[in-house]
Amino acid sequence: MHDHDRVLILDFGSQYTQLIARRIREERVYCEIHPPDRSADWIREWNPDGLILSGGPSSVYDDGVPSLDPGVLDLGVPILGICYGMQLLAQLKGARVERGKREYGRAELTVRAGEGLFDGFDPGEETQIWCSHGDHVDTAPEGWEVLASTASLPVAAFSDAASRLYGVQFHPEVAHTVRGEEVISNFLFAICGCRPSWTAGAFIDESVARIRDEVGDDAAVICGLSGGVDSSVAATLVHRAVGDRLTCIFVDNGLLRKGEREGVERTFRKHMGIRLVVVDAVDEFLGALEGVEDPEQKRRAIGTTFWQVFGRVAKSEGEGARFFVQGTLYPDVIESVSATGGPSATIKTHHNLVEFPEGVSFQVIEPLRELFKDEVRNVGRELGLPEEFIGRHPFPGPGLGIRVLGEITRDRLDTLREADAIYLEEIREAGLYDEIWQAFAVHLPVRSVGVMGDARTYDNVIALRAVTSRDGMTADWFQFPHDVLGRISTRIINEVDGVNRVTYDVSSKPPATIEWE
């Protein structure tokens, strides 16, 4: 796929696996997450410069748990096992994994050997780490060196340096491990010999060449444009590859924010120089959503209707295009499909990952499928998109369809649009927009009693959500100044008909997701 050094992550079901990938990408090294059942032959062909075995909820000594092809250890590829991955290495090398000695949360690690994985650490130095395990290794495999320990674990890290095999019982990818980034960096560069060449510029050059090769010299291409960062960067990238053979189709599905359609038309026609076709399909989408309340059914209905509209418009406006561009990101893929290939849960179905409906057929181009959100923004900057556009908060493909909880009606959508516009306006006015990863209003499927003008009301409730995040995989709720929240609430209740109560969501991800549906 590309010529960069790269690392393969085998996912054994840890909640932190995506964080491992993020930390590696931050070091400008390419990586991918794959199921743990990859064979030694498959891994040899993938040709990684390093291999990481993630943590996981299982115990290595139980029946039917995910394991590793023993032949992988003979490939000569440097391996780092994290938590469950470390225990699996120990078991495969003949050491015993024991129950008990649980450690959850912060612990103090004492480094014994300040080299290799702990290069830059002083022998005897103590440093804070983050643990989440119920099993442990009391004795390292024969011939292996113990690199670090904690007060309750005699073997918190070990290695067979000659074979370049390493294991840590803690999670270096988690921010609470104070020097975790150094541990990962040492594995990537000192042990694997990787080069930090995974950059936005390199990604653009490789993607343009790959798209040209895939599309050919004369085929037409259409792009499903939402006006958000992802689809806009994808469209700009493909436009660089195929030029005027690209037609962007923007569908007004009735689930957009206030002023969204006008803003997209203005930006792309005036500033981007890309051919844009705007389709009014409000009645079609709202018809498909009539009576639908389950969030998964909503997403599937929206995704199916999108494809039906694109298929129809492509015939009339896309010069018979066979290729369809969409802005799928790596987190979309991770959340929609079990990363382990096993029984772990699908969190939610992304509207752009549903199967084509009958009669619709495209060859899909997803140039951003390898990237996390902040990487997409960096690519957008490299492509010359304006910062005020690149810095926009994420907006989900299903739009307000998953922010109106329960039944979707025109009136409920209009109410939410007005409340959401006030919310974002006040956030910008307070100078807080760039401090927040994502902020939006939610129309709850409940009504509450209130008093307005000395009269009893029984009206709608609006919930406000705002989070901080690095990549959308984990998030914390944003701590607004109380006067700003008060001003937002007052304006929504006074200016939006049918609303008499405003609440603020103070849950983080996990356990909640960022969106409510």
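# Asking how we know

Me: Which helix holds K315, and what makes a stretch a helix here?
Reply: K315 lies in helix α9, which spans residues 295–317. Helices are DSSP runs of H or I with at least four residues, strands are E runs of at least two, and both are numbered from the N terminus. This is a predicted model, where local features need pLDDT of at least 70, side-chain atom pairs count only at pLDDT 80 or more, and totals for chains, interfaces and linings use all residues. Residues are numbered from 1 along each chain as its sequence is written, and side-chain values use heavy atoms, with hydrogens and water left out.

Me: Why is K315 called exposed?
Reply: The relative accessible area of K315 is 69%. Exposed means over 50%, buried means under 20%, and partly exposed is in between (1.4 Å probe, protein chains only). K315 is therefore exposed.

Me: What is the mean pLDDT of the protein?
Reply: The mean is 88, and 93% of the residues reach 70 or more. Over residues 337–354, though, the pLDDT is below 50. pLDDT is the predictor's confidence in each residue, on a scale from 0 to 100.

Me: How do you know that D5 and R195 form a salt bridge?
Reply: A salt bridge needs a side-chain nitrogen of Lys or Arg within 4 Å of a carboxyl oxygen of Asp or Glu. For D5 and R195 the N to O distance is 2.9 Å, so the pair qualifies. This pair links distant parts of the chain: D5 sits in the segment before β1, and R195 in the loop between α4 and α5, 190 residues apart.

Me: Is D5 buried or exposed?
Reply: D5 is buried, because its relative accessible area is 8%.

Me: Why is E425 called partly exposed?
Reply: E425 has 45% relative accessibility, so E425 counts as partly exposed. Salt bridges that share partners also join E425, E426, R487, R491 and E495 into one network.

Me: How many aromatic pairs does a search of the whole structure find?
Reply: The search finds 12. One of them is formed by W144 and F158, with centres 4.9 Å apart and 75 degrees between the planes.

Me: Why is the pair of W144 and F158 called edge-to-face?
Reply: Rings of Phe, Tyr and Trp (its six-membered ring) pair if their centres lie within 6.5 Å; planes under 30 degrees apart count as stacked, over 60 as edge-to-face and the rest as tilted. W144 and F158 have 75 degrees between their planes, so the pair is edge-to-face.

Me: How do you know that F158 is buried?
Reply: F158 has 0% relative accessibility, so F158 counts as buried.

Notes
Contact = heavy atoms within 4.5 Å.
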